[in-house]
Amino acid sequence: MSPDRWPDAFEHDVELAAFVPAFAAVGLELIEVDWEQVDPASNDFDLYFVRTTWNYKEKPDAFADFLVRAAKFAPVMNDPQTILWNMNKRYLGELQAKGLPVIPSAFVDGPGTIVDDLRERLGSREIVLKPLYGGGGFDMRRVTHDEDGADLVADTHFAQPFISGILDQGELSFVFVEREFSHALRKRPADGNYLIHTHHGGADEAYLPSSAEIDACRAFLDVMPAPALATRVDVVPHQGQLLLMELEAIEAHLFPGYNDGLGAMLASACARTLGGDGLASM
């Protein structure tokens with residue numbers, strides 16, 4: 001009921017409509033709560049199912065404190081260890097260092113870093129500047145090959161090479177419940193844009209992946225600090241392989257419209273954790 005609903009807040013409504021009856025079918029009740037308004041110490045919720053807590057990006061320390069407090073009283077899904085690790089995009093550098101197929105990232109580790117410094121480190125003239133704490137394609141900037149590179153880059157941002165395949169092949173999203181594959185979709189940007197989100201004019205469609213593609217995306221689940229209830233693995237096809245764009249393990253939209261059974265999968269997973277007790281949803 002926030003007065004500052006994002007333009008894609010309908011995604012929350014879509015998920016709620018899909019999940020509430022599925023949870024009720026196994027005896028669980030989903031109750032919406034605002035993480036900034038609820039006190040875990042004075043509530044008797046049995047589990048916190050983190051969903052569209054999109055404003056955490058503006059106040060990551062407060063959100064982290066809430067997760068730690070909530071976990072003292074009830075399970076939090078996804079596990080706070082994984083959420084805290086996933087909040088800061090520096091995790092992409094960790095995955096890259098492990099040799100996983102990730103779009104290379106260059107981070108600002110000192111004052112005076114300019115665009116050309118990051119271009120040189122990435123070996124690419126065309127890059128995208130992204131916030132360390134961010135999502136939804138907001139506060140991003142595509143720097144084309146002919147733009148001047150003398151601009152300073154704040155340490156709140158990092159850079160990746162622009163992968164041109166996103167313009168024609170789009171971004172592929174693979175949704176997993178625990179380690180079980182649910183569904184996949186292809187997200188394409190609008191003409192003249194490179195952002196695939198619906199509020200930027202993007203569109204999505206069903207995608208039927210191969211078993212090898214599913215396995216390749218499932219492998220990213222193994223590197224998270226703790227197992228997750230729900231994860232969306234976003235990848236971009238590039239030179240014959242799938243490169244990780246983002247590992248979404250906090251509050252990513254799960255696109256339930258592409259699998260009518262997604263709610264039941266999530267409800268069953270929560271029921272196994274709870275033994276049939278009630279559930280709180282954020």
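Two strands pair if DSSP finds at least two bridges between them. Helices (H or I, at least four residues) and strands (E, at least two) are DSSP runs, numbered from the N terminus. The model is predicted: local features need pLDDT of at least 70, side-chain atom pairs count only at pLDDT 80 or more, and totals for chains, interfaces and linings use all residues. Residues are numbered from 1 along each chain as its sequence is written, and side-chain values use heavy atoms, with hydrogens and water left out.

An open sheet of four strands has the order E3-E6-E4-E5. Its pairing is antiparallel. E3 and E5 stand at the edges, each with a single partner strand, so one side of each lacks a neighbour in the sheet. E3 is joined to E6 by two bridges. Across that pair, Phe107 stands opposite Phe158 in E6.

Strand E4 (residues 127-131) pairs with two strands of this sheet. Five bridges link E4 to strand E6 (residues 157-161), and the two run antiparallel. Three bridges link E4 to strand E5 (residues 141-143), again in the antiparallel sense. Val128 takes part in both pairings. Val128 stands opposite Gln160 in E6, and its bridge partner in E5 is Arg142.

E4 is also mostly covered, with five of its five residues buried. Buried means under 20% relative accessible area, exposed over 50%, and partly exposed in between (1.4 Å probe, protein chains only). Ile127, Leu129 and Pro131 lie on one side of E4, and Val128 and Lys130 on the other. Both faces are covered.

Val115, Leu118, Arg119 and Leu122 of H5 are buried. These residues cover an arc of only 105° around the axis, which puts them on the same side of H5. The arc is that of the directions from the helix axis to the C-beta atoms. The buried residues of H5 pack against strand E3 (106-107), E4, E5 and E6. Contact here means heavy atoms within 4.5 Å. H5 runs at about 115° to E4. Axes are lines fitted to C-alpha atoms, for helices over the stretch in contact, and angles run from 0 to 180 degrees between N-to-C directions. Just after H5, Gly123 takes a positive phi of about 70°.

A second open sheet has five strands, in the order E9-E8-E7-E10-E11. The pairing is antiparallel. Strand E9 (203-206) and E11 are at the edges with a single partner strand each, so one side of each is left without a neighbour in the sheet. Neighbouring strands of this sheet are turned by 30° against each other on average, direction ignored. Six bridges join strand E7 (residues 171-177) to strand E10 (residues 230-238). Phe174 stands opposite Val233 in E10. Helix H7 (residues 211-218) packs on the sheet, where it touches E7, strand E8 (180-188), E10 and E11. The direction of H7 makes about 70° with that of E7.

Val235 belongs to strand E10. Val235 is buried, with a relative accessible area of 1%. Not counting residues up to four places away in sequence, Val235 touches Glu171, Leu172, Phe174, Cys217, Leu242, Leu243, Leu244 and Met245. Val235 and Gly170 are 65 residues apart along the chain, and their C-alpha atoms are separated by 9.1 Å.

Helix H3 (residues 80-87) has six of its eight residues buried, so it is largely enclosed by the rest of the structure. The buried residues are Pro80, Thr82, Ile83, Trp85, Asn86 and Met87. Their cover includes helix H2 (60-70), strand E2 (76-77), helix H4 (91-97) and strand E11 (241-248). At the N-terminal end, Asp79 caps H3, with a side-chain oxygen 2.8 Å from the backbone nitrogen of Gln81.

H2 and H3 pack at an angle of about 170°, with their axes 10 Å apart. H2 and H3 are therefore roughly antiparallel to each other. Angles under 35 degrees count as roughly parallel, over 145 as roughly antiparallel, 65 to 115 as roughly perpendicular and the rest as oblique. Pro60, Phe63, Ala64, Leu67 and Val68 in H2 meet Pro80, Ile83, Leu84 and Met87 in H3.

His12 lies in helix H1 (residues 10-24). His12 is buried, with a relative accessible area of 15%. Leaving aside neighbours within four places in sequence, His12 is in contact with Glu32 and Thr52.

Technical notes: A polar contact is a pair of N or O atoms within 3.5 Å; within protein, one must be able to donate a hydrogen and the other to accept it, and residues adjacent in sequence count only if both atoms are side-chain atoms.
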